[in-house]
Amino acid sequence: MAGRSVVIVGEFGFGKSYLASAVAELLRAEGIEPVTLLGLHRDGTTALGGSPMAGGLDDALRFIDERIEAGHPASAPPLIVQVDDAQTLHPRIMRRLTGIAESGTATLLLTSTPVALGSASDGDHRYDPDTVRAINELWIERGAERVDVAPLTAREADELLSQVMPDAVFDTVSRALIFANSGGSPQLIKELAAAVHALDPNESPIAAFSNLPAQSPRILDLLQHQLRVLTERQLTALATLHVTGPIPLGVLGAAATRGDLRVLSQHGFIASDYASTQLVVPGALFAGAAFEIADPDRVHQVTGAFGEAILRDVDHLPSPAQAMAIAGQWGYDEEPTALAEWGEERVAEVLLAAASGSNRLGEYVRAERFALRSRRLHPSVLADVERSRSLAQRGRQRSALTVLGEADVRGASAPELARLVIWWAELAVSLPDADAELDRLFDTVTAWVDAGQAGPCLAAGVAVVRANVMGDPETAIHLGETLLRDPTADLATRIVAGCLTALLLCHTGRCGRALDAIDVLDSLIDDISPATVAFGSVDYRAKVRGTEAVIRCTAGFDVGLAADSMVELLARPDALDDRYLLAAISMVAALVALHEGDDARATVELRSAQQRLDPYDIAGWRPWMLVQLALVSARRGDASATRRKLAASVGRITLEGQHAWFAAVLAFIPGEGADTRTERDRAVTLMLDQDDPMGSAVGAWGMFELFRLGAQTDRIVDRLERVASLTDAPLLHAKAAYARALIDTDGGRLDAAACRFARMNAFGLAADASRHAAVIHASLGDHAAAQQSRAHAERQEWRRASDQGSAPAPIVEVETAATLTRRELEVATLAATGRSDREIAQTLFLSVRTVESHLYQARLKLGVASRRGLAAALGVEPSA
């Protein structure tokens, strides 16, 4: 305790005072008598030693000075000042105590309710804001340790990050990782955020987090300090979760009682989803710290009991994390102990699941060993897939391809073959000679089909990927839509091909058809059993949801809802291990940041998306992301570095048309040796002569950014308008209208474009359009219109900064609830109360897609972007 002040924070009933009293008892046993102060809610006075001071504040301050500063001899034991309910102290007393602690004269042991930063209320009581500020500064700025017996929520964690690191920008997935690994502890959130912020921005956040305890040893020290309050049984249960990951509540009950689980939950060490999966999810770093200090024999014994219980349930396959725990006990060389009882096939399944889990956690050497042992016991193409993944992740792509090429596919099921082919295609796309590798894959699959070892749908699936990589999206779309609707094809191939086809339809501006494909995919997902072995390590539902969200954000359909749906998925127990899901979340977050004009956040989100999509980018997003990163960097003033990075990337672009497109972007980024006007005109001409090499919709997005960068010519706007006329993406229509209005210096049409952008959550573009409109209005002498445009620009800047999506409607007139149709009003009212789209569909006997359409129209008319916004606009009280 000496030299380190502690703030114990928790709601009423969570035992913070008992914890502080226990510490005081331990101090007395060491011969240290703490000075006790007790804040009183009733009148704000201060009691010392449990007795109110007759002289009030001045008497209390005098006592503190005499007892602590003057009356404590230097030879005495360390002086501890214990304050219960410190948030109720008078601010002068709190400041005096803080100063004493900072001088090193005494150490503070405080308890406090969790009053938010910058607030003076916990919801039930009002406190002096200066007192609250002093307590917060004590642990934020002055090095005190904060121990939470009631963990923060994800929203509170985000607010904390914005307070303690206001200049740092974290991508969506990193924020989720910081919160998940901290267990909601503010002190750990601070230290994890600092460690993540210090990392190389190009390093994968997931890989970085796996090394954080070693990079920041104090994090582990803090965790272990907090775990000292646990009993041996509770510590064993938490340590076991370190090696088993999320496990069913009933299984964990073998190591802990319900009371133990309640204690672990109250401290934020675990979280439970009782409503659906009944999974117990550990705080990753808490579980790791428990594993470090628990009795290893006891943990091994409990983990073994879990393994036996799981294997006895013949209808239940272990999760990858559980399988890793079971297989880890078997070792790598000796024969598995369960082999005689459970049989080779069952044990091989456990080893295969362990290989999958190891790959997802980045333990690639273990993954290869588990896969090889599984294959020796019971040959399977899935074991070949996992071994190939482990090799590829260690930089041995050619060896990974060799493993796939030598796989024995005789007797493999259609879903197993689909998994192998999908991974082979992703791996082929990552190589410089992608065209040749995809041709080899197509020839191999065709040979399987001819030999009767595979269905023709596999060859069709490969053809979809090959056509897209070779720059023929129309052929890819035709093949993909045919395969998606082929009832004889296996589900895995149909879903993957359908997701790719939906994205390609969006790329080429046919967003309505893309969402039609999502409808078909939704019906296919319902046919997948969660227990199906072949689908065990791929979350196809997440793939479909992520694809839909990307389409909606690219097209401008219901951007707020799409973004919210992705963030909600981060709360799933396995979300942070799912590369496909994280790629979709990062992509959606990047698109939203670009919509809102937040270039700092767009940069980190684009890099995060690139890390997950590259190199296995079968949808072809990489060129678009490179150009967006270049344009964002140019807007932020880092032009020279942008030119160098983009020029270096051109060599990795394989399609000729994309080279011309990149050259045009390079020509308009200022820097060393910037191109002349003639050279820029030539570059634009070469680009416009290409037939939309990046897909019309995606190409138009980049063309619009090129327009904003300075290529403001009639030819650019003409092409933008032509592309927009061929699409059904409202965002492109608004961009084309904005560009034409700016070229024509039409302030009224710029105001209209700004209103359209605002309704799509494109706050940054809305503000830009309004500012341009204000300049034009002012130049024509219409100062009233100019003022209104400026006010609208300020409103959009505020909405972007608040990032709430439910800000008041813009000043430009929008339609009211009176203009909603009867059905739109019904749907919007139910949504505002918190009902899900599926619940609304069941209530009104509509399809989910129809509900979404009505909801989109209602939001568009009301100028809001979320269910909270609907509730405010309609005067409806949202459900709790």
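Buried means under 20% relative accessible area, exposed means over 50%, and partly exposed lies in between (1.4 Å probe, protein chains only).

The model is predicted: local features need pLDDT of at least 70, side-chain atom pairs count only at pLDDT 80 or more, and totals for chains, interfaces and linings use all residues. Residues are numbered from 1 along each chain as its sequence is written, and side-chain values use heavy atoms, with hydrogens and water left out.

**Exercise 1. A leucine in a helix**

Task: Describe the place and surroundings of L438.

Solution. 
- Step 1. L438 belongs to helix α23 (residues 434-450).
- Step 2. Is L438 buried or exposed? L438 has a relative accessible area of 0%, so it counts as buried.
- Step 3. Not counting residues up to four places away in sequence, L438 touches A425, A428, V429, V462, V465, R466 and V469.
- Step 4. L438 and V469 are 31 residues apart along the chain, and their C-alpha atoms are separated by 9.0 Å.
- Step 5. R466 also has a place over a ring: its charged end sits over the ring of F442, 4.2 Å from the centre. A charge sits over a ring if NZ of Lys or CZ of Arg is within 6 Å of the ring centre and within 35 degrees of the ring normal.

**Exercise 2. Helix length**

Task: Compare the span of helix α27 with the expected span.

Solution. 
- Step 1. The expected span is 1.5 Å times one less than the number of residues.
- Step 2. Helix α27 (residues 511-525) has 15 residues and reaches 21 Å from its first C-alpha to its last, close to the expected 21 Å.
- Step 3. The buried residues in α27 are C511, A514, L515, A517, I518, V520, L521, L524 and I525.

**Exercise 3. A covered strand**

Task: Find which strands pair with β6, and where its side chains point.

Solution. 
- Step 1. Two strands pair if DSSP finds at least two bridges between them.
- Step 2. Strand β1 (residues 6-9) is joined to β6 by four bridges, and the two run parallel. V6 stands opposite L109 in β6.
- Step 3. Strand β5 (residues 80-84) is also joined to β6 by four bridges and runs parallel to it. Here I80 stands opposite T107.
- Step 4. In a regular strand the side chains alternate between the two faces of the sheet.
- Step 5. In β6, T107, L109 and T111 point one way, while L108, L110 and S112 point the other way.
- Step 6. Strand β6 (residues 107-112) is mostly covered, with six of its six residues buried.

**Exercise 4. Aromatic rings and a lysine**

Solution. 
- Step 1. Rings of Phe, Tyr and Trp (its six-membered ring) pair if their centres lie within 6.5 Å; planes under 30 degrees apart count as stacked, over 60 as edge-to-face and the rest as tilted.
- Step 2. The whole structure holds five aromatic pairs.
- Step 3. Y738 is in helix α38 (residues 730-743) and F757 in helix α39 (residues 747-759), 19 residues apart. Both Y738 and F757 are buried.
- Step 4. F704, F707, Y738 and F757 form one aromatic cluster.
- Step 5. Residues up to four places away in sequence aside, K735 touches W701, F704, L720, F757 and L765.

Definitions and conventions
Contact means heavy atoms within 4.5 Å.
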